[in-house]
Amino acid sequence: MITMNTNLSSISIISQTTFLPSFSSFASPQLPRIIITPSTTIRSCTSSHKPKRQTISYDHHHHLLFPNAQERYSKNDSQINHSKNISIVRDMLFSKEGNKASLQSMMLIDTLQHMGHDHLFKEEIGSTLSSIYDNFTHQTRPGHNLFESSLFFRLFRQHGYRVSPKMLKKFIAKNGEFKLASSKDIKGLMSLYEASHLNIGEDILRKGKEFSSKHLWDSIEWLDNKHANQVKETLEHPYHMSIQRYKARRYISMHQDDHENGCKDVVLFELAKYEFNIVQLLHQREFNAILSWWKKTGLAQELSFVRDQPLKWYMWPLTMVPQPHHSKCRIELTKAIAFIYIIDDIFDVYGTLDELSLFTQAINKWDISAIDNLPNYMKVCFNALYNVTNEIAETTLKEYGWNPINTLSKSWGKLCNAFLQEAKWFASKQVPNKDEYLRNAVTSSGVFIVIVHLFFLMGQGLTLENIQHIENDPSFVSISGTILRLWDDLGSAKVMKIKKGLMDHTWSYI
């Protein structure tokens, strides 16, 4: 059973991030109007004649879609300026010797991440961080203040380095709590609060979160409006817990008048606005492709009882793989996620227990001939799922040389088995114990389906050993499923409690 009440607020975030008004203060690239179809071709919409099919090309420097690999649109002033800005930032990234230069490089990397265009400088960021880390290897406590130490810890843990929060111990008093002297260091507190969200069980980060959160909320009362809003944004939407597109839009708007570093800041914000518009356009095209696919399936009409929420389904891939060059992956993954919701609705609101048993058997067999005895609405669903899954398998085979159809079809069988178990519990009015429920709920959450499809669509590490490992429910899958299920159930319980409270309140006046 998938209700996802806790994620409804996230849908509004996507509507604000993917389809936000563009930054009109900076010229957007002049692109030809095009529509991307699921078959990864585009058609020109500017001519009244029958359009000619053209292949999409992706430019990894500018992250733009072009109508033809050989035909680049003209280098107008804004595009030339964009290229210059990229070169300037590349030069800014390479740190020089000395702690001050290293701090400036870390602050620049952090800014690029918050602006949402760090993907343009992946190699440069990796090289810079590696150099800084090597310089600090012989220092037991890198960082001279709370801001620098917290920033160092967060950036390097984010990028997979082995770093310990023990570097923050020098800010701890003899009583085991953070020193009150740091309570007025707003910049340091914000850095500590951001770092605390990368906690993997360390008590010092738990205390850091409590300390920084308390004093940051208190500071809002005496800070000026600009800095108070920045503090509130950090508290309500920490980087590690937010969607990058949302953070980028908010960060650029809130900081675009900051020019402490003169022309360097101007370059960063010009680059950020230009890049935001390009990526926003890419997301709009992806969503148009998804809408086109969804309309062509006819499932919204054939299965009128299922949820019709393509924007909500697109939210998942956009959050999981936000990098622009994963465009095709996001589109295909959205299709798989759509069927998690569709099949869930079949099990929850429409199918009888006998029909659901037959449907589950057909999915496990993964054979078109197995659907002869199914009612028509289930045949429609099976055919659509069968076609989409085979298309994803063919794409993986073509691009990475591996046919995942067996693993993909087995994953759908596992999902339906879990849904059927819940349907049986409901029909018999049986309440499973906690362990039984969670064991089944890990699969019925749909996380397994998403991760398996993402694994093949990304095409990294496709070995027999890795595939067997992911088929056997590794801990990162089961733990993710458990977290999502409990989070979802807590959200559902909260909604039901609110509804009950409203009803009780209403009845008190009758």
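Counting a salt bridge as a side-chain nitrogen of Lys or Arg within 4 Å of a carboxyl oxygen of Asp or Glu, the structure above has 16 salt bridges. It is a predicted model, in which local features need pLDDT of at least 70 and side-chain atom pairs count only at pLDDT 80 or more, while totals for chains, interfaces and linings use all residues. Residues are numbered from 1 along each chain as its sequence is written, and side-chain values use heavy atoms, with hydrogens and water left out.

**The nonpolar cores**

- A nonpolar core here is a set of buried Ala, Val, Leu, Ile, Met, Phe, Trp, Tyr and Cys residues joined through side-chain atoms within 4.5 Å. Buried means under 20% relative accessible area, exposed means over 50%, and partly exposed is in between, using a 1.4 Å probe and protein chains only.
- The largest core has 61 residues, and those with the most contacts inside it are Phe-339, Ile-342, Ile-343, Phe-359 and Trp-412.
- Helix 13 (residues 327–350) gives this core its largest share, twelve residues. Helices are DSSP runs (H or I, at least four residues), numbered from the N terminus.
- Setting aside neighbours within four places in sequence, Ile-342 touches Trp-294, Leu-299, Leu-303, Val-306 and Cys-381.
- A second, separate core of 49 residues includes Ile-86, Phe-121, Leu-151 and Tyr-193.

**Buried residues to look up**

- Met-378 sits in helix 15 (residues 376–400) and counts as buried because its relative accessibility is 0%.
- Beyond its neighbours within four places in sequence, Met-378 is in contact with Ile-346, Glu-355, Leu-356 and Phe-359. The C-alpha atoms of Met-378 and Ile-346 are 8.3 Å apart, although 32 residues separate the two along the chain.
- Thr-360 belongs to helix 14 (residues 353–365) and is buried, with a relative accessible area of 4%.
- Again leaving aside neighbours within four places in sequence, Thr-360 contacts Phe-347, Cys-416, Asn-417 and Leu-420.
- Helix 12 (residues 310–320) is mostly covered, with eight of its eleven residues buried. These are Pro-310, Lys-312, Trp-313, Tyr-314, Met-315, Trp-316, Pro-317 and Leu-318.

- Asp-203, Arg-206, Lys-207 and Glu-210 are linked in a network of salt bridges.
- Asp-203 pairs with Arg-206, their closest N and O atoms being 2.6 Å apart. Both lie in helix 7 (residues 203–219), three residues apart, or about one turn of the helix.
- Asp-203 also forms a salt bridge with Lys-207, with 3.6 Å between the closest N and O atoms. These two residues are about one helical turn apart because four residues separate them in helix 7.
- Arg-206 in turn bridges to Glu-210, where the closest N and O atoms are 3.0 Å apart. This pair is also four residues apart in helix 7, so about one helical turn lies between them.
- An α-helix has 3.6 residues a turn, so residues three or four places apart point the same way.
- Asp-203 is partly exposed at 39% relative accessible area, as are Arg-206 at 37% and Glu-210 at 47%. Lys-207, with 18%, is buried.

- Ile-479, Ile-483 and Trp-487 make a nonpolar surface patch of about 340 Å². Such a patch takes residues with over 30% relative accessible area and no salt bridge, joining nonpolar side chains (Val, Leu, Ile, Met, Phe, Trp, Tyr) within 5 Å; the areas come from the Shrake-Rupley method with a 1.4 Å probe.
- Ile-483 is found in helix 20 (residues 475–507).

Technical notes: Contact = heavy atoms within 4.5 Å. Patch = residues over 30% accessible without salt bridge, like charges linked within 9 Å, V, L, I, M, F, W, Y side chains within 5 Å.
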